[in-house]
Amino acid sequence: MPERPQASLKPDDEKVRRAYEKAIKAFGQRPNVTGIDIGYKYDGGVRSEQVAVRVHVREKIPLAALEAAEVFPKEIDGVPLDVIEGLYTPGGAAPEPVGGADAALEDLSFRRQRRDPIQPGISISNATGTAGTLGTIVYDRITGNDCILSNWHVLAGSVFAQPGDAILQPGRFDGGRRDRDTVARLERMHLGRRGDAAIAMLNGQRNVLRVQRDTEVIVTETRRAQLGDTVEKSGRTTGVTRGVVDGFGLYNLPYSVGQRQIEGFLVRPEDRDNPLDLEVSAGGDSGSLWYDPAGGAGLGLHMAGETQAGPANEYALACHLDDVLDELNVSLEPVAPGTPAPSPAPSPPDDAAGAPTLLDLLRDAGVSDEVLRRVPVAADRAELAARGVRIVAGSDGPIEIEIDPQLAGGRIRIRIDDGTQER
């Protein structure tokens with residue numbers, strides 16, 4: 001006989017963790033599932049203090065319309081299982097700032113303008129993108145150079161993005177132009193289980209501040225977000241906003257290069273009912289940094305927001321900052337060139353990692369890690385084939401990536417050999 005659900009469970013209990021992992025294996029690949037996490041249980045749409053494993057779905061389907069095998073259990077090994085609606089989409093640009101909790105205290109249009117010095121919380125984008133947010137300043141452990149950190153979908157955003165791409169401030173959507181507003185060049189990127197993130201090396205054309213816009217916060221360390229934490233971010237569209245960590249786990253997001261499962265945490269308004277309809281985030285805040293407003297530790301990189309109107313649907317989704325820094329081999333504090341990177345976390349099981357990326361394909365072909373730092377994450381195998389992509393790679397020779405002209409609208413050949421690129 002199954003155990004009774006326990007109201008006193010803690011999110012870090014081993015029992016909860018095992019139930020969470022079982023849920024991922026059992027339900028993670030269902031087409032209607034958009035995420036699985038550990039978080040607060042909801043009763044009648046009201047958040048309780050009870051901890052549960054939660055299955056997020058695009059829409060709740062009446063039990064009468066489901067086959068027996070499609071019905072989710074009420075618990076897993078004595079841990080409550082909750083089913084909640086959630087459709088998670090990477091945030092795009094918003095036409096106008098909409099205002100956060102502190103909107104009356106700041107000029108939000110400042111964030112969309114050309115700034116010198118540049119600083120976290122203002123508009124940036126790839127020269128072919130829209131507009132997102134500069135998350136923070138980081139330092140390359142390989143070269144010691146200072147860089148900007150934001151999302152992959154802000155600094156890259158396309159299968160065609162390449163190291164060396166121009167990064168604009170303000171973003172292109174906000175009037176940024178390549179000839180006058182290029183402040184950095186795309187350096188490295190990651191889109192996968194450990195985050196939606198990229199860095200771009202600053203070109204020295206403008207001065208730099210490390211303080212988050214309209215705050216006194218300079219993020220110099222990280223820690224993991226905990227359930228119930230109050231968190232804050234400074235974003236291009238909504239300015240300085242706060243929320244509460246409502247859950248943490250694995251979320252499914254659709255990108256231009258295919259679906260990705262990303263580990264992170266969910267943020268909802270501090271007031272459970274959100275009676276004032278305050279914005280936690282909006283389009284254009286992508287790439288902003290979630291941090292602890294009391295201690296200043298960095299927690300996550302904002303990557304998605306709600307797609308449905310209404311105060312009850314307000315949320316933000318972030319990937320873990322420590323994972324991002326490790327994956328991109330950067331530090332929050334200045335470092336000497338060649339500083340060893342932290343030991344990487346163990347790779348997730350193959351059945352949970354999602355489709356192979358271009359980076360995976362090149363690594364399988366024997367390309368060294370030193371060369372791979374110059375190769376972007378791209379589409380999975382099916383998407384590569386659909387785009388007519390041919391990869392020639394080896395451990396000794398150059399990398400060549402060729403895209404069929406009939407599918408790409410013009411032949412594109414990328415060659416990486418001894419640190420150089422041709423396109």
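Tutor: Two strands pair if DSSP finds at least two bridges between them. Strands (E, at least two residues) and helices (H or I, at least four) are DSSP runs, numbered from the N terminus. This is a predicted model: local features need pLDDT of at least 70, side-chain atom pairs count only at pLDDT 80 or more, and totals for chains, interfaces and linings use all residues. Residues are numbered from 1 along each chain as its sequence is written, and side-chain values use heavy atoms, without hydrogens and water.

Student: How many bridges join β17 to β18?

Tutor: Strand β17 covers residues 298-305. β17 and β18 run antiparallel. H302 has A318 of β18 as its bridge partner. The bridges between β17 and β18 number 5.

Student: Which residue in β18 is the bridge partner of L266?

Tutor: Strand β15 (residues 258-268) joins β18 through 4 bridges, antiparallel. In β18, L266 is partnered by L317.

Student: Why is β18 largely enclosed by the rest of the structure?

Tutor: Buried means under 20% relative accessible area, exposed over 50%, partly exposed in between (1.4 Å probe, protein chains only). β18 spans residues 316-320. It is largely enclosed because its buried residues number 5 of the 5.

Student: Which strands stand at the edges of the open sheet of 8 strands?

Tutor: The order is β7-β6-β10-β11-β12-β9-β8-β19, with antiparallel pairing. An edge strand here has a single partner, so one side is left without a neighbour in the sheet. The edge strands are β7 (132-133) and β19 (330-331).
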